Amino acid sequence: MRHNLRMKKIMPSESSGLRNQRGQDGLTVLALFFFAVCGASLATAKRADAAVGRHGLGVNIGQVLLMGDFSKNFSDSLGWGFSYSYEASDMFGLLANLSFSNHSNANGTNTLAIKGLSPDLRVNLAYFDKLVLYAFGGFGLFHVNETVAQTPGSVWTFGLDLGTGFLLELDPHFQFGTSLGFHNVFSKTDPATSTSSNPNGILMGGTYLGIMLNIFYLF
């Protein structure tokens, strides 16, 4: 019995597909190599420790992204504030934030002002040379002023803070970095805004994200 061996002709589209697959494989190898080098660099980086007992005063500015009930009547805006830090140990410390932000809707008929004081627990997750990665969390006190449909109201309420960030020590007295914080302001009713149609008053509260640039003076 004769067997005929024939070479399969590769069509142009198949050839292009093979080239694309090789290109994708090369990109995957390059990405894996990049992450491997980064991982090795971080693993071999010289470890640094926190200066226990050190204090810090900071200034923060960034974008406040409204979520939940806040986003229904108001727009995002810039926020700013001040911070105080204290290193109790290499891992734990105090991070207190005093924050301010003002918001409105497109035509300015609705306004919102959020002020917060949050004494949070700070947990230093990792040190790489002069860089520290940290997380923070805790409860804070918030003052919310709202004006919706020409009806003003204000409440004092508690809130939950969770976030993470990094700080780079530029010299023994200065640090610079960024942070991402999630803030849930607990809803509360202002009895002064009660009407016949709404006897309980306006319910105020919501959530927001703060994306901040931070600079600290250490002493």
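1. Two strands are taken as paired if DSSP finds at least two bridges between them. Helices (H or I, at least four residues) and strands (E, at least two) are DSSP runs, numbered from the N terminus. On that basis strand S1 (residues 55-67) and strand S8 (residues 202-218) run antiparallel and are joined by twelve bridges. Within this pairing, leucine 66 is opposite tyrosine 208 of S8.

2. The model is predicted: local features need pLDDT of at least 70 and side-chain atom pairs count only at pLDDT 80 or more, while totals for chains, interfaces and linings use all residues. Residues are numbered from 1 along each chain as its sequence is written, and side-chain values use heavy atoms, with hydrogens and water left out.

3. The chain holds two helices and eight strands, in the sequence order α-β-α-β-β-β-β-β-β-β. The eight strands form a closed barrel, S1-S2-S3-S4-S5-S6-S7-S8, with antiparallel pairing. From one strand to the next the twist averages 20 degrees (axes are lines fitted to C-alpha atoms, and angles run from 0 to 180 degrees between N-to-C directions).

4. A cavity here is a set of points, on a 1 Å grid over the protein atoms alone, where a 1.4 Å probe fits but cannot get out; lining residues have an atom within 4 Å of a point. Grid points are joined across faces, edges and corners, and a volume is the space filled by probe spheres set on the points.

5. The largest cavity holds about 350 Å³ of space. Its lining has 28 residues, with Asn60, Asn97, Ser99, His183 and Met212 nearest the centre. Two or more lining residues come from each of S1, S2 (77-87), S3 (92-104), S4 (111-128), S5 (131-148), S7 (174-190) and S8. S3 gives the most, six residues. By class, the lining has 13 nonpolar, 13 polar and two charged residues (Ala, Val, Leu, Ile, Met, Phe, Trp, Tyr, Cys and Pro count as nonpolar, Asp, Glu, Lys and Arg as charged, and the others, Gly among them, as polar).

6. The second largest cavity has about 30 Å³ of space. Arg54, His55, Gly56, Ser85, Glu87, Arg122, Gln175 and Leu218 line it, and S1 and S2 each supply at least two of the lining residues. This lining divides into one nonpolar, four polar and three charged residues.

7. Of the chain's 219 residues, 32% count as buried (under 20% relative accessible area, 1.4 Å probe, protein chains only). Among contacts (heavy atoms within 4.5 Å) between residues at least 6 apart in sequence, 60% join residues at least 24 apart.

Terms used. On a 1 Å grid over the protein atoms alone, a cavity is a set of points where a 1.4 Å probe fits but cannot get out, and a pocket is an open set with protein on both sides within 12 Å along at least five of seven lines; lining residues have an atom within 4 Å of a point. Buried means under 20% relative accessible area, exposed over 50%, partly exposed in between (1.4 Å probe, protein chains only).
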